[in-house]
Amino acid sequence: MTLIADNLQVVHDRMTAAALAAGRDPESIRLLAVSKTFATEAILEAIQAGQKAFGENYLQEALDKISVVETMTDKMPIEWHFIGPIQSNKTRQIAEHFDWVHTVDRIKIAQRLSEQRPEALPALNICLQVNISAEDSKSGLSPEQVAALAHDVACLPRLHLRGLMAIPAISDDSEEQRSAFRQLRLLEQQLQHEGLMLDTLSMGMSADMAAAIAEGATIVRIGTAIFGRR
Ligand SMILES: *Cc1c(COP(=O)(O)O)cnc(C)c1O
């Protein structure tokens with residue numbers, strides 16, 4: 001096995017252990033491989049090992065890699081997730097080349113993505129990014145702003161609102177990690193009670209995936225543990 005294949009196996013094993021410890025079905029949690037800054041060869045290696053969903057943060061870098069991967073893997077169903085900050089002049093290319101966007105936090109961006117999503121493609125899957133630890137440096141909605149934007153985004157015709165995403169403040173205390181993820185889950189439950197059909201909590205990275213899974217993550221976004229240090 002290659003190192004990346006090995007690492008993927010280790011991550012899957014950690015995910016399964018965390019799911020079972022939480023009394024959850026391991027199949028209910030998906031692994032998003034975050035390949036930002038790594039070469040296309042690393043993505044191809046992960047695909048060889050069975051990985052199908054990739055997260056990228058920087059648009060131009062992502063577009064270059066997507067075009068190479070698509071020609072090399074022909075009709076394989078690879079999923080591309082945009083997980084970086086979005087500038088409004090970049091929405092067209094995001095709408096054209098990605099399957100998911102995890103980082104929507106403004107109605108203007110959502111409207112542009114909906115208008116620019118090509119007719120031939122299914123609706124673009126969307127998560128709203130929540131600044132759950134209220135860090136000044138982080139993008140994302142404050143928890144108080146989420147419901148209003150969620151109801152607006154749910155009405156946009158070419159978007160499919162799937163759920164919420166967060167990048168909590170770094171902590172090595174697992175209780176602190178869990179409390180941030182729990183807030184995101186409670187926020188999603190509140191939206192579900194208001195009638196929104198949400199099925200996704202995008203939370204958990206290499207250092208805190210177990211806490212995220214314990215609190216209900218359905219997508220974990222893992223970079224370092226698969227591809228190595230950036
Ligand atoms: C880089 C990144 C990740 C992956 O982080 P690791 O700590 O390398 O697993 C996950 N989510 C987002 C939004 C990122 O930018």
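Residues T40, I43, L44 and I47 in helix α2 meet K65, V68, V69, M72 and T73 in helix α3, where contact means heavy atoms within 4.5 Å. Helices (H or I, at least four residues) and strands (E, at least two) are DSSP runs, numbered from the N terminus. The structure is a predicted model, in which local features need pLDDT of at least 70, side-chain atom pairs count only at pLDDT 80 or more, and totals for chains, interfaces and linings use all residues. Residues are numbered from 1 along each chain as its sequence is written, and side-chain values use heavy atoms, with hydrogens and water left out.

By class, the contact of α2 with α3 has six nonpolar, two polar and one charged residues. In this classification Ala, Val, Leu, Ile, Met, Phe, Trp, Tyr, Cys and Pro count as nonpolar, Asp, Glu, Lys and Arg as charged, and the others, Gly among them, as polar. Two packed helices are described by the angle between their axes and the distance between the axes. For helix α2 (residues 40-48) and helix α3 (residues 59-73), the axes come within 10 Å and cross at roughly 40°. Axes are lines fitted to C-alpha atoms, for helices over the stretch in contact, and angles run from 0 to 180 degrees between N-to-C directions. Helices α2 and α3 are therefore oblique to each other; angles under 35 degrees count as roughly parallel, over 145 as roughly antiparallel, 65 to 115 as roughly perpendicular and the rest as oblique. The crossing of α2 with α3 is right-handed. A crossing is left-handed if the near helix is turned anticlockwise from the far one by less than a right angle, and right-handed if clockwise.

Helix α2 also packs against helix α1. The axes of α1 and α2 come within 9 Å and cross at roughly 55°, which makes α1 oblique to α2. This crossing of α1 and α2 is right-handed. On the α1 side the contact is made by L3, I4 and L8, and on the α2 side by A42, E45 and A46. The residues of the contact of α1 with α2 divide into five nonpolar, no polar and one charged.

The largest nonpolar core has 67 residues, of which L113, I126 and L128 touch the most other members. A nonpolar core is a set of buried Ala, Val, Leu, Ile, Met, Phe, Trp, Tyr and Cys residues joined through side-chain atoms within 4.5 Å. Buried means under 20% relative accessible area, exposed over 50%, and partly exposed in between (1.4 Å probe, protein chains only). Helix α1 (residues 3-21) supplies the largest share of this core, six residues. Another core, of eight residues, lies apart from it and includes L32, V34, W100 and M165. Not counting residues up to four places away in sequence, I126 touches V101, V104, L113, V153, L159, H160, L161, R162 and G163.

Helix α1 contains V11, which is buried at a relative accessible area of 1%. Residues V11 and L31 are 20 residues apart along the chain, and their C-alpha atoms are separated by 8.6 Å. With neighbours within four places in sequence left aside, V11 is in contact with L31, M209, I222, A225 and I226.

The loop between β1 (30-34) and α2 holds S35 and T37. Residue S35 is buried, with a relative accessible area of 0%, whereas T37 counts as partly exposed at 47% relative accessibility. Beyond residues up to four places away in sequence, S35 touches I43, F54, G55, E56, E61, K65 and F227. Most residues other than glycine have a negative phi. The phi of T37 is near 70°, a positive value in a residue other than glycine.

Residue E56 lies in strand β2 (residues 53-56) and is buried, with a relative accessible area of 0%. Not counting residues up to four places away in sequence, the contacts of E56 are S35, K36, I43, E61, A62, K65, H81, F82, I83 and G84.

Residue G216 lies in the loop between α8 (209-214) and β8 (219-222) and counts as buried at 18% relative accessibility. Leaving aside neighbours within four places in sequence, G216 is in contact with R24, L201 and M203.
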